Amino acid sequence: MKFGRRPGRGAPRVSVVVPVYDVEAYVDECLESLLAQRDVDLDVVVVDDGSTDGSAARVQRFVDAGHPVRLVRTANHGLGAARNEGARHATADLLAFADSDDVVPPTAYATMAREVRRSGADFVTGSVARWEGDTLSEPPWMRRLHRTRLVIDIDSEPEILGDVFAWNKLFTRDFWHSSGLRWPEGVRYEDQPTTTDAYLRARSFAIIPDVVYHWRIRAEGTSITQQRSTLKDLEDRWATKRMALHSVEAYGSPKVTQVFRDRVMAGDLHRYFTEIPGCDDEWWALLESGVRELWSGRSLTHSGLPPAHRLTGWLVEHGRREDAAAVMEYVATLAGGPVPRVTDDQGPRIDVPVIDRRSVDRAALAVREFER
């Protein structure tokens, strides 16, 4: 592997924190992509979070070869704790986080560092590409959030709260520490509470259209985000949504709060709704209670979810488990195609033949176009 050319004098110094836990098959590729970064003075802090495989030994080979890689070993405490430990060891003026099964394009940190220097922003966020098999694809919603190069604050662009990822951002270390940022420990989905706090606490942040991260989608289904049918996963998802919502409400902007509830906090629920058919009683009860709690007083019919999932959200709110399962089973038969639409005397609505539309609130069936 040919690594990046030696940085010139005055190149920005970047500390990258890489938590490692049982990723022996992936960690070499991740570290090689970091060491191939161009035009930055790199400091890679790898935190071995009590791996039980050969991950730490593979990292040690990079250390022994004289690369700018440091290895910190801890007992297993989870991703959030490993990131926090790595941040304590970071020494550079700029701070980034990368997951050990992903890769970073060679110009990513230089591009973001230039934007931080140019704009004076507290941090910069770029777009990402999903890496699935041999294919890289930029999710349309990420492309939309990053379509314009901006230096901005949260009041002007609250929908950016939907970009919750830890690893497509470059922070000034002064901002990270002075704002008291840290990752929640002991829960999954720790990205959202911390990135939400970063957006809310920043004087300004920069948005750039460049793809700065390649996010591996593991085919074998071992990544955290592929375990949504488990009770622990849903408990952690609700917990981190509560944390983020608390921060948004404490910020005190009605506009930001409404956008967060409707466009951001609801954004990933469709992935959980697909688990309703065949779910057990305890999982269903937790799904129902969480939806009712977090969207109390403001139904998911107001959200930016696709129409069939707004309908499913309404059914969950009203405890109609069999109907919610039937809708999701029906949607699955469409193989990703749109739910049929009809127009009656009240306007356009979705046509879902598996339920009696007369027993459903009209708002749950209405077709409303949201800007995408």
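Student: Let's start with Arg130, then: which residues is Arg130 in contact with, once its neighbours within four places in sequence are left aside?

Tutor: Bearing in mind that this is a predicted model, Arg130 is in contact with Thr135, Leu136, Ser137, Pro139, Trp215 and Ile217 when those neighbours are left aside.

Student: And where is Arg130 found?

Tutor: Arg130 is part of strand 5, which covers residues 123-132, and with a relative accessibility of 26% it counts as partly exposed. Its side chain is also joined to the side chain of Glu132 by a polar contact of 3.3 Å.

Student: How far apart are Arg130 and Tyr213, in sequence and in space?

Tutor: In sequence, 83 residues separate Arg130 and Tyr213, whereas in space the C-alpha to C-alpha distance is 8.6 Å.

Student: OK, new topic, salt bridges. How many salt bridges does the structure hold?

Tutor: The structure holds 34 salt bridges. One of them is formed by Arg61 and Asp28, whose closest N and O atoms are 3.8 Å apart. Because Arg61 sits in helix 2 (residues 55-64) and Asp28 in helix 1 (residues 27-35), the pair ties together parts that are 33 residues apart in sequence.

Student: Is Asp28 buried or exposed?

Tutor: Asp28 is buried, since its relative accessible area is 16% and the cut-off for buried is under 20%.

Student: What about Arg321, which residue does it form a salt bridge with?

Tutor: Arg321 forms a salt bridge with Asp281, and the closest N and O atoms of the two are 2.7 Å apart. Arg321 belongs to helix 13 (residues 321-333) and Asp281 to helix 11 (residues 281-294), so this pair ties together parts that are 40 residues apart in sequence. Arg321 counts as partly exposed at 25% relative accessibility, while Asp281, at 56%, counts as exposed.

Student: And Arg362 with Asp344, how far apart are the closest N and O atoms there?

Tutor: In the salt bridge between Arg362 and Asp344, the closest N and O atoms are 3.0 Å apart. This pair ties together parts that are 18 residues apart in sequence, because Arg362 lies in helix 14 (residues 362-365) and Asp344 in strand 10 (residues 341-344). Arg362 is partly exposed, with a relative accessible area of 22%, and Asp344 is partly exposed with a relative accessible area of 22% as well.

Student: Which residues do salt bridges with shared partners join into one network?

Tutor: That network is made up of Glu115, Arg118, Arg149 and Asp210.

Student: Switching to the inside now: how many residues does the largest nonpolar core have?

Tutor: The largest nonpolar core has 67 residues, and those with the most contacts inside it are Phe205, Trp238, Phe273, Ile276, Leu287 and Leu311. A second, separate core consists of 42 residues, including Leu31, Ala98, Val124 and Trp167.

Student: What does Ile276 touch?

Tutor: If we do not count residues up to four places away in sequence, Ile276 touches Trp283, Trp284, Leu287, Thr312, Val316, Arg321, Ala324 and Ala325. Arg321 is also the residue that forms the salt bridge with Asp281.

Student: What about helix 7, how many of its residues are buried?

Tutor: In helix 7 (residues 191-201), 10 of the 11 residues are buried, so the helix is largely enclosed by the rest of the structure. Among the buried ones are Asp191, Pro193, Tyr199 and Leu200.

Student: Where is the place of Ser100?

Tutor: Ser100 is in the loop between strand 4 (94-97) and helix 4 (108-119), and with a relative accessible area of 5% it is buried. The side chain of Ser100 reaches the backbone oxygen of Pro19 at 3.0 Å. Leaving aside neighbours within four places in sequence, its contacts include Pro19, Val20 and Tyr26.

Student: Last one: what is the phi of Asp22?

Tutor: Asp22 has a positive phi of about 50°, although it is not a glycine. For background, most residues other than glycine have a negative phi. Asp22 lies in the loop between strand 1 (13-20) and helix 1, and at 26% relative accessibility it counts as partly exposed.

Technical notes:
Residues numbered from 1 in each chain as written. Predicted model: local features only at pLDDT ≥ 70, side-chain atom pairs only at ≥ 80, totals over all residues. Heavy atoms only, no water. Helix = DSSP H or I, 4+ residues; strand = E, 2+ residues; numbered from the N terminus. Buried < 20%, exposed > 50% of the residue type's maximum accessible area, 1.4 Å probe, protein only. Polar contact = N/O pair within 3.5 Å; in protein donor to acceptor, adjacent residues only side chain to side chain. Contact = heavy atoms within 4.5 Å. Core = buried A, V, L, I, M, F, W, Y, C linked by side-chain atoms within 4.5 Å. Salt bridge = Lys/Arg side-chain N within 4 Å of Asp/Glu carboxyl O.
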